[in-house]
Amino acid sequence: MAKQSFLFFLILFLQHLETHGTSPDSQRTSFLASTAQWQPMQCSAMSINPLCSSFLYVTPQGRTLPEIATIFSANASLIKPIRRLSGVEDFLVGVPCKCEKINDSMTALFHDATYEVKVGDTPGAINVNTFSGLAMDVGGGRLLNASDRIIVHLPCGCSSAASEMVVSYAAQGEDDLRSIARLFRSSPQDILKLNPSLSSPEFIQPGWILFVPMRTAGFDRIE
């Protein structure tokens, strides 16, 4: 069981390396120092109905709101703009969050979307170019063929310990814990509480997925 979980997260880690153009050798030391560098938010039992509503942080990449809603299997009316400190406007996509079994030893919270594979697609490209770095284990290790329709698992978050909405956010190159906290009107301490695998708050690897509690007041547009 433990071996299967390790291999599962190893696949995810290598997918992030492919996406960000970083060789496995250059990151092997930091990875081995913390094999549990990231985990989805675990839950106790599979659910047919959503356990909560959550947000996914999405970079538009020229896509319209209806296109984003279709790609993420979301409702366009639940998509809200959010402005980074640089002035770039991205989106928070509201989605239902369910407890799913991801392997023999773990259940976790996900929102699922369906994706049709295109010619030349790779798991890493699908993850970043289509799903804003939030897709987990795209294709499940299978060979991707054009026109295949696959289920894409997008980690989401529910937390009784956080009164705010929880956002799934893929860290970007310029991020640190304080800048992420400012973006979502949160605090570094609250982010750490929802991300116990984040052992060093001073080191955040681009591509890591963080669960961030966001204050709901005035979230339509965050300056």
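**Notes on the predicted model: strands, cores and cross-links**

1. Within strand 6, Ser168 stands opposite Leu56. Keep in mind as you read that this is a predicted model.

2. Strand 1 has another partner too: strand 3 (residues 89-103) pairs with strand 1 in the antiparallel sense, over 7 bridges. If you want a spot to look at, Ser53 has Pro96 of strand 3 as its bridge partner.

3. Next, the nonpolar cores. The largest has 24 residues, and those touching the most other members are Leu56, Phe72, Val93, Phe131 and Leu154. At least two residues of this core come from each of strand 1, helix 3 (65-71), strand 3, strand 4 (106-116) and strand 5 (149-155). There is also a second, separate core of 19 residues, with Leu177, Phe184, Ile204 and Val212 among them.

4. Setting aside neighbours within four places in sequence, Phe131 is in contact with Ile71, Phe72, Ala113, Tyr115, Ile126, Val152 and Leu154.

5. On to the cysteines: how many disulfides does a search of the whole structure find? The search finds 3. Counting bonded cysteines along the chain, their pattern is 1-4, 2-6, 3-5.

6. Take Cys43 and Cys99, joined by a disulfide with an S to S distance of 1.9 Å. The torsion about their S-S bond is about 90 degrees, so this disulfide is right-handed. Cys43 sits in the loop between helix 2 (24-33) and strand 1, while Cys99 is in strand 3, 56 residues apart. Both ends are tucked away: Cys43 is buried at a relative accessible area of 18%, and Cys99 is buried at 1%.

7. Cys52 and Cys158 form another disulfide, with sulfur atoms 1.7 Å apart. Here the torsion is about -85 degrees, so the disulfide is left-handed. This pair links distant parts of the chain, with Cys52 in strand 1 and Cys158 in the loop between strand 5 and strand 6, 106 residues apart.

8. The sulfur atoms of Cys97 and Cys156 are 1.9 Å apart in their disulfide, and the link is right-handed, with 95 degrees about the S-S bond. Cys97 belongs to strand 3 and Cys156 to the loop between strand 5 and strand 6, so the pair ties together parts 59 residues apart in sequence. Cys97 counts as buried at 0% relative accessibility, and Cys156 counts as buried at 0% as well.

9. Finally, the charged pairs: the structure holds 4 salt bridges. One of them joins the side chains of Glu174 and Arg84 (3.2 Å, N to O). Glu174 is in the loop between strand 6 and helix 5 (177-183) and Arg84 in the loop between strand 2 (79-83) and strand 3, so this pair ties together parts 90 residues apart in sequence. Arg84 also meets Asp175 in a salt bridge (3.2 Å, N to O). Asp175 and Arg84 are both buried. Through shared partners, salt bridges join Arg84, Glu174 and Asp175 into one network. Glu174, by contrast, is exposed at 53% relative accessible area.

10. Another salt bridge brings together the side chains of Arg83 and Glu89 (3.3 Å, N to O). Arg83 is partly exposed at 24%, and Glu89 is partly exposed at 29%.

Methods:
Residues are numbered from 1 along each chain as its sequence is written. This is a predicted model: local features need pLDDT of at least 70, side-chain atom pairs count only at pLDDT 80 or more; totals for chains, interfaces and linings use all residues. Side-chain values use heavy atoms; hydrogens and water are left out. Two strands pair if DSSP finds at least two bridges between them. Helices (H or I, at least four residues) and strands (E, at least two) are DSSP runs, numbered from the N terminus. A nonpolar core is a set of buried Ala, Val, Leu, Ile, Met, Phe, Trp, Tyr and Cys residues joined through side-chain atoms within 4.5 Å. Buried means under 20% relative accessible area, exposed over 50%, partly exposed in between (1.4 Å probe, protein chains only). Contact means heavy atoms within 4.5 Å. A disulfide is a pair of cysteine sulfur atoms within 2.5 Å.
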